[in-house]
Amino acid sequence: KTNNDIYGCDISKLLLEKCISRGINKEKLMECDATKLPYSDNYFDYCYSIGSLEHFTEEGIDKFLESSKRVTKYTGFHMIPVSKSNKDEGWLTFQQSYFNNSINWWEKKLNKHFKKILILESSWESEISKGVWLIISK
């Protein structure tokens, strides 16, 4: 697929400007809150986020999951950090603030919204977290 098939949204105008500088069509980008995506139901076949979901409040995580589910026809792919300790460490401020919780904590969140959940390890890791992909379908 070409860049014409890529849409993006972010609450940060700066990050959207970076997308434009990298060749993404600005007509396909939108400054918005991901907990209230302004697209119609099933607008996208797939959606993804990388390193975003864990920065929302707990309520925001639920709103984001519902919002992305509504606008996605098939499957969402979201890369997040989980705690290496496999404990629910909660909201941490370590270089930046985010939830650093166990895979089980995330599964409970996902089970409230999705019927099919697959969690795959990624190669990303930090001192206290490791990355996983949340693959979620209606």
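Sorted by class, the lining of the largest cavity holds four nonpolar, six polar and two charged residues, where Ala, Val, Leu, Ile, Met, Phe, Trp, Tyr, Cys and Pro count as nonpolar, Asp, Glu, Lys and Arg as charged, and the others, Gly among them, as polar. The model is a predicted one, in which local features need pLDDT of at least 70 and side-chain atom pairs count only at pLDDT 80 or more, while totals for chains, interfaces and linings use all residues. For your selections, residues are numbered from 1 along each chain as its sequence is written, and side-chain values use heavy atoms, with hydrogens and water left out.

**The cavity**

To see this lining, select C47, S68, K69, T72, Y74, T75, G76, H78, F114, I136, S137 and K138. The space they line has a volume of about 50 Å³, and a search of the whole structure finds one cavity of 30 Å³ or more. On a 1 Å grid over the protein atoms alone, a cavity is a set of points where a 1.4 Å probe fits but cannot get out, a pocket is an open set with protein on both sides within 12 Å along at least five of seven lines, and lining residues have an atom within 4 Å of a point. Grid points are joined across faces, edges and corners, and a volume is the space filled by probe spheres set on the points. Colouring by element next, you will find that β4 gives the most to the cavity lining, with five residues; helices (H or I, at least four residues) and strands (E, at least two) are DSSP runs, numbered from the N terminus.

Select E54, P81, Q96, Y98 and W124, which lie nearest the centre of the second largest pocket, itself lined by 13 residues. Its volume is about 190 Å³, and β4 supplies the largest share of the lining, three residues.

**The helix pair**

Finally, show α2 (residues 58-71) and α3 (residues 103-111), which pack at an angle of about 50 degrees with their axes 10 Å apart. Axes are lines fitted to C-alpha atoms, for helices over the stretch in contact, and angles run from 0 to 180 degrees between N-to-C directions. The two helices are therefore oblique to each other, given that angles under 35 degrees count as roughly parallel, over 145 as roughly antiparallel, 65 to 115 as roughly perpendicular and the rest as oblique. To display the contact (heavy atoms within 4.5 Å), select E58, I61, D62 and L65 of α2 together with W105, W106, K109 and L110 of α3.
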